[in-house]
Amino acid sequence: MGIYKMAVSTLTTLLVVIGIAGFSLNVAADSEKQDATAANVPHLASDSAKQHVVTFIRDRDYACTQCHKDTKDALFGAHADAIHAQTGREVGCVDCHSNVGENHRDGATQVTKFAPSQSVAGTQKIAADPLWIKKQNETCTNCHEPDDLREANWTHDVHALDLSCASCHNIHPTIDPMKGITQSSKIKMCVDCHADQTKAKATK
């Protein structure tokens with residue numbers, strides 16, 4: 001009987017030891033798994049670890065400047081330091097010219113272009129589509145408020161639909177031809193343009 005009790009006691013002790021060892025291994029494995037998970041999650045990492053901040057540096061004008069290399073740094077004058085009224089960022093190519101589009105090389109119809117244009121033909125300038133003039137000028141008035149332009153000079157209001165802004169202003173200026181212009185020079189521009197239109201009517 002003594003041998004039987006001794007065998008049962010030894011077996012019981014062995015089972016207890018095996019159970020404790022198994023439990024310890026299980027806890028250790030769980031602990032390692034938890035450490036690995038914590039290492040992969042920034043907010044669970046140790047206090048000494050710094051959270052990585054991603055900064056987007058995409059150049060919105062990259063597609064433009066790959067071909068128009070001469071105009072890469074051509075945004076001079078007031079636009080060079082301007083902040084776009086709607087986006088709150090510096091003004092870039094796509095803010096005024098719109099996006100490039102897939103078929104840019106085949107006429108670039110998606111891109112807003114700026115050029116001297118008027119709704120009434122002269123001897124020097126042909127008449128442009130008023131809708132094209134309107135599209136050009138709307139790009140400008142998205143930032144330059146019509147009320148402010150009207151207050152700056154009455155001609156802005158009178159010519160809004162008949163003359164493109166680019167007829168008087170340089171879009172990529174080192175010096176805007178209208179900044180600091182004398183009153184007599186302004187009058188000469190008006191007279192020259194209207195006289196040219198009058199000549200065109202007379203020759204018809």
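How many salt bridges does a search of the whole structure find? The search finds 4, where a salt bridge is a side-chain nitrogen of Lys or Arg within 4 Å of a carboxyl oxygen of Asp or Glu. The model is predicted, so local features need pLDDT of at least 70 and side-chain atom pairs count only at pLDDT 80 or more, while totals for chains, interfaces and linings use all residues. Residues are numbered from 1 along each chain as its sequence is written, and side-chain values use heavy atoms, leaving out hydrogens and water.

Of the 204 residues in the protein, 17% are buried; buried means under 20% relative accessible area, exposed means over 50%, and partly exposed lies in between, with a 1.4 Å probe and protein chains only. Among contacts (heavy atoms within 4.5 Å) with a separation of 6 or more, 52% join residues 24 or more positions apart.

With Asp 147, the closest N and O atoms are 2.6 Å apart, and with Asp 157 they are 3.2 Å apart. Arg 150 and Asp 147 lie 3 residues apart in helix 6 (residues 146-152), which separates them by about one helical turn. Arg 150 is partly exposed, at 38% relative accessible area, whereas Asp 147 counts as exposed at 52% and Asp 157 as partly exposed at 43%.

A further salt bridge links Lys 188 to Asp 192, with 2.7 Å between the closest N and O atoms. Again the separation is about one helical turn, because Lys 188 and Asp 192 are 4 residues apart in helix 8. Asp 192 is partly exposed, with a relative accessible area of 40%. Salt bridges that share partners join Asp 147, Arg 150 and Asp 157 into one network.

Helix 8 itself spans residues 183-203, and its 21 residues reach 31 Å from the first C-alpha to the last. That is close to the 30 Å expected at 1.5 Å a residue, the expected span being 1.5 Å times one less than the number of residues. Which residues of helix 8 are buried? They are Asp 196, Gln 197 and Ala 200. These residues cover an arc of only 90° around the axis, so they sit on the same side of helix 8; the arc is that of the directions from the helix axis to the C-beta atoms. The face turned away from the buried side carries exposed residues, including Lys 188, Thr 198 and Lys 199.

Elsewhere, Thr 112 is found in the loop between helix 4 (93-97) and helix 5 (130-141) and counts as buried at 6% relative accessibility. Leaving aside neighbours within four places in sequence, Thr 112 is in contact with Cys 96, His 97, Ser 98, Lys 135 and Thr 139. Trp 132, in helix 5, is partly exposed at 34%. With residues up to four places away not counted, Trp 132 touches Lys 113, Ala 115 and Ser 117.

Finally, the structure holds 0 disulfides, a disulfide being a pair of cysteine sulfur atoms within 2.5 Å. The sulfur of Cys 143 is 6.7 Å from the closest cysteine sulfur, that of Cys 96, which is too far for a bond. Cys 165 is in no disulfide either, with the nearest cysteine sulfur, in Cys 140, 3.8 Å away.

Definitions and conventions:
Helix = DSSP H or I, 4+ residues; strand = E, 2+ residues; numbered from the N terminus.
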